[in-house]
Structure formats: structure tokens, C-alpha cells
Amino acid sequence: MKHSTFLLFSLPSLSVMFLFIAIPIVSVFIQSLHIEHKQVIIVTENCDPFGCETTTSVDTEASAKLKEKAPLGKFNGFKTYSNRMHFAFDELGEAWKSSDSFTVFVKKLYNYPLYRALSFTLTYTFIVTPFVLFLGFLVAVGVNNLPKMFKGPTIFASLLPMIVTPLVGSLILFWMVDGDGVIGATLQKIFNDNSLSLKASPVLTWIMLMVYGIWHLMPFSFIVFYAGLQTVPQETIEAATIDGASKFQRIRHVVIPHLMPLAIFITLILLMDNFRVFEPIIGFRAEAHATSISWLIWNHLRESAYPLYNAAGATSMITIFGVAILLLPVLIRTWRDFKEKNKG
Amino acid sequence: MIFKKLILVGFISLFFSSSLYAADCGPNGQSIRILASDFPAIHAIANSAESNCAGSASEFNRNHTTEARQIMNAAQTPNPAEYTSVIVANSTLVQLMNDGLVRPLDDLVEKYGGHLKSNQLITVDGKIMAIAFMANSQHMYYRTDILEKSGVDGIPATYDEVISAAEKIRAAGIMEHPLVMNLKVGWNVGEVFNTIYLAHGGEFFKPGSAEASINNAKGVAALETMKALVEYAHEDHLTQASDDTQGLWEAGQAAIGFMWGSRGGVILDNEGSSAEVTSNTVLSAAPTVTGGSIPGATLWWDGITIATNVSDSEAEATFAALVSGMTSEMVAANNDDAIWLIDGFKPGPAAAGVSATAQGGAKSYPMFAQMGLLHNALGAELVDFLKGSESAEQALSDVEAVYETAAKDAGYL
């Protein structure tokens with residue numbers, strides 16, 4: 001294909017990407033560099049049915065004038081990135097100096113929202129991703145070996161966790177793991193401990209969130225692997241069988257190499273999805289024990305009276321960089337394979 | 001012919017009667033649009049405004065949503081605003097005033113508000129900014145039968161007495177976790193701290209400035225009280241808000257509760273619970289600290305406001321319609337839906353807790369412009385202390401640090 005033809009061909013999608021992806025990202029970045037103008041505060045006497053109190057109010061006229069001059073807000077540079085809400089450089093310096101061992105330092109690190117969120121987000125990503133990949137593959141192989149008449153219904157049932165909206169799915173589970181719920185009460189009975197609560201313990205909350213994540217995402221890897229299994233060349237399988245390969249050897253040496261590009265694709269998508277884990281934390285009301293990067297963005301914007309656009313913008317940029325760093329090894333590998341193939 | 005005449009007479013008399021007895025609805029043919037939260041008392045006010053004045057308005061729209069707080073600023077900022085009136089509470093009035101989205105009501109009160117009581121008028125710097133119609137606050141709920149069975153004398157009036165009563169109930173083997181409180185991470189847990197901190201006589205900010213001042217002996221004492229209470233609260237307390245605590249209470253799984261007054265009517269009615277629970281549930285004042293006199297609660301009011309960014313005649317019609325509903329007849333018809341501030345209210349058992357708390361001298365929820373930011377910081381940072389992984393001083397200094405960062409970004413410091 002000629003270069004100019006290719007360019008014309010991809011122009012529509014490129015321009016849409018520019019309009020709806022590139023420009024918003026740049027605007028979010030610019031927003032993250034600005035903070036609100038100084039509010040002009042006046043002391044006022046407020047009276048309500050219960051009495052009068054001296055409090056403060058915003059002088060809206062004076063504040064509006066400031067806003068009109070520079071609608072973007074006050075330029076703040078990268079201070080939003082370095083302050084306590086994000087990388088907390090100053091505080092970490094202090095903590096490093098005042099800690100006598102690395103474990104004490106890590107414990108202090110955990111006190112800052114970004115690091116706390118990162119610790120859960122990364123743990124979640126690196127545990128859920130391999131489990132989903134592996135279990136999805138097992139289910140796909142299992143379904144592929146079923147008699148034809150059972151395949152349809154089994155595929156449908158296996159896809160259900162993906163079809164259920166994450167928020168609804170997690171909410172239903174939240175009720176089930178309650179002390180009065182089916183799962184919660186059963187666990188209490190099994191361990192003979194009436195105060196056992198999946199919601200009160202940090203470790204159990206983390207496990208619950210990850211089990212939920214695996215349950216919810218497995219259908220995705222299953223269905224992609226299942227589609228891939230339909231393309232495994234039967235001649236190679238037959239040849240391997242004639243050579244005396246066992247079932248396991250056929251999967252290990254024929255099927256898995258054939259599905260490798262798919263596995264890389266699924267890994268990429270899963271890493272991205274898991275790094276942005278959000279709904280289960282809301283659904284399970286797990287904020288006390290587990291927060292994620294996406295939850296932080298939501299938290300910055302949650303109070304409509306005081307939306308911290310700069311903090312939300314900064315956390316969003318950090319998310320984008322985080323995803324880029326996560327994907328880098330996989331992308332580099334793909335690029336190398338691609339170049340090698342072209343050489344051959 | 002006679003039939004036709006009869007119909008005509010009927011119409012004429014109908015026309016006269018409706019125009020004679022109708023409330024004063026202000027200018028005709030205006031559009032009235034109301035944004036409000038979603039609970040029975042607000043429906044009662046809006047219903048009576050609608051039945052009085054929808055006829056003379058060109059449109060009468062109501063949007064009742066529990067998420068009103070989240071959308072009101074965005075909805076009211078454009079000119080013309082999306083709603084001509086927002087029904088607010090203490091904190092949401094501040095939220096709107098911070099952006100200049102409500103107008104002073106002095107002239108409208110003079111014209112249409114003859115029947116309002118003076119304590120319904122919410123004034124900021126001498127200007128009337130809202131008309132309150134109901135009060136609310138947190139207070140104590142207790143089960144007489146369980147307290148009696150476990151040998152507790154009288155009603156616990158201080159936090160220490162609550163804690164020792166809870167211990168007695170636990171020791172008697174009746175309940176392992178006799179307390180319920182709204183401690184869900186975020187707004188709720190922050191609000192519990194606010195109430196107990198106020199009971200200890202604490203101040204949230206240095207006088208005249210937006211600098212937080214909670215990391216002090218009173219703050220630590222408040223946290224210690226909170227921790228002692230939490231020992232006796234349901235294991236999952238960090239996930240529980242009003243609906244959950246109400247559910248536990250109605251299921252008979254709690255003996256002492258700190259819940260909202262607005263839940264009183266719902267808990268005491270004969271739906272969703274057993275007679276054993278409802279007949280033994282009594283609502284009383286929020287406790288004080290030992291030796292103190294301020295009940296651990298924040299008093300709230302709900303009231304109407306009028307938008308800045310609407311035409312004067314729309315504002316007038318909306319105001320006239322809404323205050324036309326604030327009559328003793330409306331109160332008589334909906335007496336148990338709220339603790340009404342309007343004439344004609346007869347306090348029933350469901351109102352006892354809020355009345356006692358207000359009479360005990362509880363403080364209003366503070367109306368500082370920057371209060372929401374501090375409340376947020378409290379909601380996020382106290383959890384580590386309650387889980388036991390942090391000291392009280394550390395938790396409070398974290399709250400101040402988080403507040404400071406957010407307040408700087410939002411321009412308050």
C-alpha cells in the first residue's frame with residue numbers, strides 16, 4: 001500500500017483519536033498544573049433556629065473577579081504532583097530520615113494516599129492477571145472438549161460473570177458475605193467464630209476483592225482462548241498424536257505456542273483493566289482497607305462543593321504513566337518478535 | 001338549557017371558590033422548578049406548594065433525588081439556572097453560597113412570609129438566605145427491655161455511662177455488640193467525630209481563619225471516646241450508614257444506637273420490625289461527656305432557598321408557592337414526618353430525641369465556608385486510628401495535613 005493511501009485510509013480514525021483522546025489528555029494535564037484562586041473569606045454572623053454563631057463565608061463577588069482574570073486558576077507547576085496527596089516528596093524525605101529501619105519507612109509510606117492506593121492496585125493487578133489468564137485457559141480447554149450439545153449452554157453460563165455489571169455483581173456479593181448473608185454465615189459456622197467478618201479484616205477484604213476480580217474477568221480470557229482453540233491446526237495435533245504425544249504434551253507443545261500471541265493480547269488488556277480497578281471497592285464499601293488509583297480520582301471529585309480538579313488531573317496523569325510502564329515489557333517483547341519475524 | 005346553565009353556574013362557582021380561597025401565589029404564568037432531597041417531609045412541603053400554586057404557574061417541576069447535593073452547584077451555575085429553588089440543609093446552603101448561587105430573601109419574606117416564625121429565618125450577615133421548615137440531629141436510641149434485663153439503672157446520659165451500659169449488656173450475654181453507629185468510611189465517620197468533638201467543647205478552626213485546629217487535647221479525647229464506643233459496635237461498622245444501622249435496629253440486633261432523628265418515625269412505625277423492638281425503643285438526647293453539658297450531636301435544619309440566576313418574577317412565584325405550603329394545616333396532615341419548625345407541630349415520641357438534644361444545647365453543624373474540606377479529611381484519615389493501626393495524635397495530624405493540602409488547592413488557605 002502506498003504511504004499516502006494508508007494515511008488517507010486512517011485519517012478518520014486518527015482525527016477522532018486526536019479529538020477525543022489526545023486533546024482531553026492534554027487538557028487534563030494543563031488542569032493538573034493549576035489550583036483554585038485564593039478565596040476571599042469574610043467573617044460573618046450566621047443565625048439559624050438554634051442560635052447564632054460567628055463563622056466564615058466566601059466573598060463571592062471578590063472571588064469572582066479573581067476568577068474572571070484567569071479562568072484556569074492559579075499556576076501551581078508540578079506542586080500538585082509532589083504534595084502530600086500524591087508523591088509526597090517532602091514528607092517522604094522526613095520519614096526516611098526519622099526511620100531507623102526499612103520496615104518502619106514502608107509503614108510510614110503506607111500513610112500517604114497515593115502509596116497506599118498503589119500498594120493495593122499493584123497487588124491486585126499482579127495477582128488477578130495471572131489467575132485470570134490461567135483459569136480462563138483451563139475453562140476454554142475444558143469447554144472445547146465437551147460434547148457438542150453441552151457447549152452452547154456452558155459457554156453462556158461461563159460468560160455470566162462478565163455480563164453482570166461490576167457494581168451490581170459486587171453489591172450482591174457484598175450482601176452474601178455479610179455476617180447474616182449466605183457466605184458470611186456459612187464461614188462463621190465452619191470456623192465456629194461468630195465474630196468472623198470478611199468486611200472487618202484488611203486481609204480478608206483484599207482476598208475478597210481479588211476473588212471477585214478473578215471471577216468477574218475470567219470469562220474474558222476464556223472466550224478469547226476458546227476462539228483461539230478453534231484455529232489450532234488439526235494436522236499438527238494429529239501428527240503429534242501419531243508421534244505418541246500425550247494429551248498434556250499436545251497442549252504444552254502445540255496448543256500453547258499457537259495461542260501465545262493471544263495470551264499476550266489478553267495480558268495487555270488485563271493489565272490495563274486491573275490497574276484501573278474501581279467498582280468493586282465501591283460495591284464492597286472496602287475504602288477502609290483497600291483503595292485504588294481510580295478510587296483516588298473519584299475521591300478527589302466526590303465532594304461537588306469542593307472538587308479538586310488539579311488533584312484529580314494529577315492522579316489521572318499518574319494512572320496513564322502507570323499503565324504505560326506496566327505495558328512496556330509486553331510491548332517491547334512484541335516489537336522484538338515482530339522484528340525477528342520480518343528478518344526471517 | 002337548564003342543564004347547560006347548571007354547568008355554567010358550576011364552573012363559575014368553581015372559578016370563584018378556587019380564586020377566593022387559593023393561597024397567594026405571586027406573579028402568574030411563571031415556571032417553578034425545584035431541586036430537593038428525597039424524604040417524606042420534603043415531599044410534604046413540595047406537595048402542598050404544588051397543590052396550592054401549580055395552577056397559576058406555567059410549569060411546576062420537581063426533582064427529588066438523594067444526590068441533590070452532588071448536582072446542585074453544577075445545575076445552578078448557568079444563567080438561567082436549572083432550578084428556581086433548591087431545598088437545602090446547613091451544609092448545602094454553604095455549598096451554594098460559596099459560589100454565590102442563592103439570593104437574599106428579605107423583600108420576599110416581607111411580601112409573602114407574614115406567617116413564618118422568626119426562628120425559621122436563616123440569616124447570614126443579617127441577610128435572610130433560607131427559610132427553614134424542619135430540624136434534624138443525631139441522638140440516642142435505646143431499648144428499655146434490654147437495659148433493664150442487663151441491670152442498667154436509668155438512661156445513660158454520658159458517653160462513659162453508654163460504654164458501661166454496653167459492657168453490662170455484653171457481660172449479661174445478651175449481645176456481643178450492643179451498639180450501632182453510622183461509621184461508614186467517608187462522610188459518616190467524619191460526622192461521628194464532629195459530634196463527639198463538639199461534646200468535648202472543641203473548635204474546628206482557629207478563630208477568624210481557615211486554619212484547622214483539631215489536633216489538640218479535645219481532639220484526642222474525642223477520638224479516645226470514639227474508640228471506646230467502637231469496641232461495642234457491630235464488627236462491620238466501617239461499612240454501615242443510616243440504612244444499615246436502621247436495619248440492624250429493626251432486626252433487634254442492637255440495644256443502644258446513635259442514629260438520625262429523621263429515622264425515628266420509620267423505626268417506630270409498625271413496618272419492618274417486631275412489636276418487641278418498637279414498643280421498647282425510646283428516643284432520647286445525645287449523650288454528653290462526663291462533667292460536660294453539650295450533647296454530642298450536630299443540629300441540622302432543612303429549608304428553602306431561591307436561585308440567584310433566575311428572573312425576579314420566577315423567583316417571586318417560586319418563593320410564594322413554597323412558603324404557601326408552610327402552614328399549620330400542612331403540619332397537621334404530616335405531623336410525624338419531621339420535627340417541624342412551623343406552627344402547629346405536636347411533638348410525638350419520634351420527635352423526643354431531637355427536641356431533647358436541641359434543648360440540651362447541642363451545636364449546629366458548623367457553617368464555615370471550608371468545613372466540607374475538613375469533614376472530608378476526617379472521613380478519610382480517622383479510619384487508621386479506628387482500625388488500631390495509628391495513634392490518635394498521628395491520625396489528627398494526618399487529618400490536618402490532608403485538610404491543609406486540599407484547602408490550599410481549593411484556595412481557602
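I began with helix α15 (residues 309–343) of chain A: its 35 residues should span 51 Å at 1.5 Å a residue, and its end C-alpha atoms are 49 Å apart, which agrees. The expected span is 1.5 Å times one less than the number of residues in the helix. Helices (H or I, at least four residues) and strands (E, at least two) are DSSP runs, numbered from the N terminus.

I noted the conventions next. The model is predicted, and local features need pLDDT of at least 70, side-chain atom pairs count only at pLDDT 80 or more, while totals for chains, interfaces and linings use all residues. Residues are numbered from 1 along each chain as its sequence is written, and chains are lettered from A and ligands numbered from 1 in the order in which they are written.

**Entry 1. Helix α15(A)**

I looked for a bend and found one of about 45° at Leu328(A), with a proline, Pro329(A), following within four residues. The bend at a residue is the angle between axes fitted to the seven residues ending there and the seven starting there.

I then checked burial. A residue is buried if 20 or more other C-beta atoms, placed from the backbone, lie within 10 Å of its own, exposed if 12 or fewer, and partly exposed in between. The buried residues of α15(A) include Asn310(A), Gly313(A), Thr315(A), Ile318(A), Gly322(A) and Leu326(A). The buried residues pack against α1 (3–32), β1 (34–35), α3 (79–82), α12 (247–275) and α14 (293–302) of chain A, together with α18 of chain B. Contact here requires C-beta atoms, placed from the backbone, to lie within 7 Å.

Thr315(A) counts as buried because 29 C-beta neighbours lie inside 10 Å. Leaving out residues up to four places away in sequence, I list its contacts as His86(A), Ile293(A), Leu296(A), Ile297(A) and His300(A). From Thr315(A) to Ile293(A) the C-alpha distance is 7.2 Å, although they are 22 residues apart in sequence.

**Entry 2. Strands of chain A and their link to chain B**

I followed strand β2 (residues 41–48) of chain A, which runs antiparallel to β4(B) and is joined to it by two bridges. Two strands pair if DSSP finds at least two bridges between them. Opposite Cys47(A) I found Thr123(B) in β4(B).

Within chain A, β2(A) is joined by eight bridges to strand β3 (residues 51–58), again antiparallel. Val43(A) has Thr56(A) in β3(A) as its bridge partner. A hairpin of two residues connects β2(A) to β3(A).

**Entry 3. The A–B contact**

I counted 52 residues of chain B in contact with 41 residues of chain A. On the chain B side, the elements giving two or more residues include α3 (68–76), β4 (121–124), β5 (127–143) and α18 (392–409). The largest share, seven residues, comes from α18(B). By type, the chain B side divides into 25 nonpolar, 16 polar and 11 charged residues. In this count Ala, Val, Leu, Ile, Met, Phe, Trp, Tyr, Cys and Pro are nonpolar, Asp, Glu, Lys and Arg are charged, and the others, Gly among them, are polar.

**Entry 4. Domains**

Domain bounds come from an automatic or database domain assignment. Chain A is divided into domain 1 (36–75), domain 2 (77–111) and domain 3 (115–343). The C-alpha centres of domains 2 and 3 of chain A lie 31 Å apart. I found six residues of domain 2 of chain A in contact with eight of domain 3 of chain A. The domain 2 side of that contact has four nonpolar, two polar and no charged residues.

For chain B, the assignment gives domain 1 (25–136 + 300–352) and domain 2 (137–299 + 366–409). Their C-alpha centres lie 30 Å apart, and the contact takes 15 residues from each domain. On the domain 1 side, α4(B) gives the most, with five residues.

**Entry 5. Two further sites in chain B**

Strand β8 (residues 281–284) of chain B has a covered face, Thr281(B) and Leu283(B), and an uncovered one, Val282(B) and Ser284(B). β8(B) pairs with β5(B) in the antiparallel sense over four bridges, and Tyr142(B) stands opposite Val282(B).

Lys346(B) sits in the loop between β10 (339–340) and α15 (352–359) of chain B. I recorded Lys346(B) as exposed because it has 10 C-beta neighbours inside 10 Å.

Conventions:
Two residues are in contact if their C-beta atoms, placed from the backbone, lie within 7 Å.
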